[in-house]
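Trainee: I have a model open and would like to learn how to read it. Please take me through it feature by feature.

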Amino acid sequence: EVERLAQSLNVPGDVGYTCETAAHFYLFHVYARWEQFMRKCKEEKKSETVSTNFPFTVFFETAPQPLFKNATFEEDMSIAEGCFRHVKKIFTELEECRAFELLKGSQDRTNYLLTKQAKIIAMTCTHAALKRADMVNLGFKYDNLLMEESAQILEIETFIPMLLQNTEEKEGSRLKRVILIGDHNQLPPIVKNMAFQKYSHLDQSLFSRFVRLGVPTIDLDMQGRARPSIAKLYNWRYKQLGNLPNVSDLDEFKNANAGFAYEYQLINVPDYQGVGESEPNPHFYQNLGEAEYVVATFMYMRLLGYPASKISIITTYNGQKHLIRDVIQQRCANHPLYGVPAKITTVDRFQGQQNDYILLSLVRTKAV
């Protein structure tokens with residue numbers, strides 16, 4: 001576009017070779033001609049003056065013709081200003097890319113985009129802690145902070161993303177708004193040291209602290225993930241949790257699940273070969289009977305035609321997760337009719353995710 005504009009103005013030379021040469025071309029040839037045009041229009045406010053003296057007529061030959069209607073001066077002047085805005089936009093975009101001609105390394109270009117161009121930046125709290133010094137040194141600035149799953153973040157970790165920029169001497173902190181999104185009824189942050197967890201309450205998130213102190217919150221009052229009958233299992237934990245229309249209207253929520261008598265079933269699995277819950281290592285809980293039962297249910301669903309990608313198996317303990325994976329590997333992984341489910345993981349790892357069909361193993365039988 002710059003080369004075509006130069007040809008229309010009969011300007012010699014390779015003005016579109018770099019962003020820098022294009023900037024000089026704009027300043028000394030394009031903008032200079034526009035200023036001359038504006039001076040003539042101020043001296044003689046006639047429609048003929050606009051159409052006769054407009055410097056970019058040749059460049060806009062590809063636009064719908066005639067370019068100017070020669071009806072009124074104001075109308076033709078508005079068209080001329082619109083054309084110049086289009087021309088100016090070309091050089092504005094080139095000016096934004098000019099830094100990439102000077103910054104050759106990928107890291108320098110990334111830092112430039114981070115501090116000058118990016119409108120939304122996503123990261124974890126851990127990454128914010130690791131890169132805080134780098135961001136402060138780069139002069140990173142932001143006004144709003146949105147924290148998702150904030151009820152699962154340690155209280156001290158919540159403050160780290162708030163400190164990724166230097167405080168300005170006169171205006172103070174530039175941070176204007178912090179939005180915490182989370183669910184304090186779900187699992188809290190994980191603290192492995194029992195003393196810190198039980199006696200220091202370090203497993204309390206800032207989100208939960210605000211809720212306990214009575215800070216006003218905006219609560220979601222509708223769910224759209226599960227059938228209404230399944231939602232009744234947990235909606236007592238929330239204030240007036242209703243259902244979105246889709247869970248009542250869509251066929252996938254209304255139709256029966258082939259091969260199953262109920263929409264959800266709670267099954268008591270008896271001890272398998274005289275053994276129920278086991279603990280081969282400390283805090284490494286397993287239940288072979290439940291693992292076999294869950295995998296058998298998965299195989300049954302696959303034979304009925306349920307897609308493996310729509311089924312997830314979750315459990316409450318890491319030991320059971322590894323056991324189920326071993327059983328799946330032995331029974332299903334290499335079989336063309338079965339395959340493997342979309343996920344085999346723990347409840348806390350699966351939090352925030354969803355799937356159409358969930359098989360849940362609760363493991364414990366000795367103390368329920």
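Mentor: Start with pLDDT, the predictor's confidence in each residue, from 0 to 100. The protein chain has a mean pLDDT of 89, and 100% of its residues reach 70 or more. This is a predicted model, where local features need pLDDT of at least 70, side-chain atom pairs count only at pLDDT 80 or more, and totals for chains, interfaces and linings use all residues. Residues are numbered from 1 along each chain as its sequence is written, and side-chain values use heavy atoms, leaving out hydrogens and water.

Trainee: Which elements have the lowest and the highest mean pLDDT?

Mentor: Helices (H or I, at least four residues) and strands (E, at least two) are DSSP runs, numbered from the N terminus. Helix H5 (residues 99–102) is lowest, at 80. Strand S7 (residues 311–315) is highest, at 96.

Trainee: Is S7 mostly covered or mostly open, and what does it pair with?

Mentor: Buried means under 20% relative accessible area, exposed over 50%, partly exposed in between (1.4 Å probe, protein chains only). Five of the five residues in S7 are buried. Ile 311, Ile 313 and Thr 315 lie on one side, Ser 312 and Ile 314 on the other. For pairing, DSSP must find at least two bridges between two strands. S7 runs parallel to S9 over five bridges, with Thr 315 opposite Ser 361. S7 is also parallel to strand S8 (residues 343–346), over four bridges. There, Ser 312 has Lys 343 as its bridge partner.

Trainee: How many salt bridges are there?

Mentor: Side chains of opposite charge can pair when their charged atoms come close. The cut-off is a side-chain nitrogen of Lys or Arg within 4 Å of a carboxyl oxygen of Asp or Glu. The structure holds 13. One joins Arg 174 and Asp 143, with the closest N and O atoms 2.7 Å apart.

Trainee: Why does that pair tie parts of the chain together?

Mentor: Arg 174 sits in the loop between helix H8 (155–159) and strand S2 (177–180), and Asp 143 in the loop between helix H7 (125–138) and strand S1 (144–147), so the linked parts are 31 residues apart in sequence. Arg 174 is partly exposed at 32% relative accessibility, and Asp 143 is partly exposed at 24%.

Trainee: Where is another such link, and how covered are its partners?

Mentor: Look at Arg 227 and Glu 263, whose closest N and O atoms are 3.3 Å apart. Arg 227 is buried at 7% relative accessibility, whereas Glu 263 is partly exposed at 40%.
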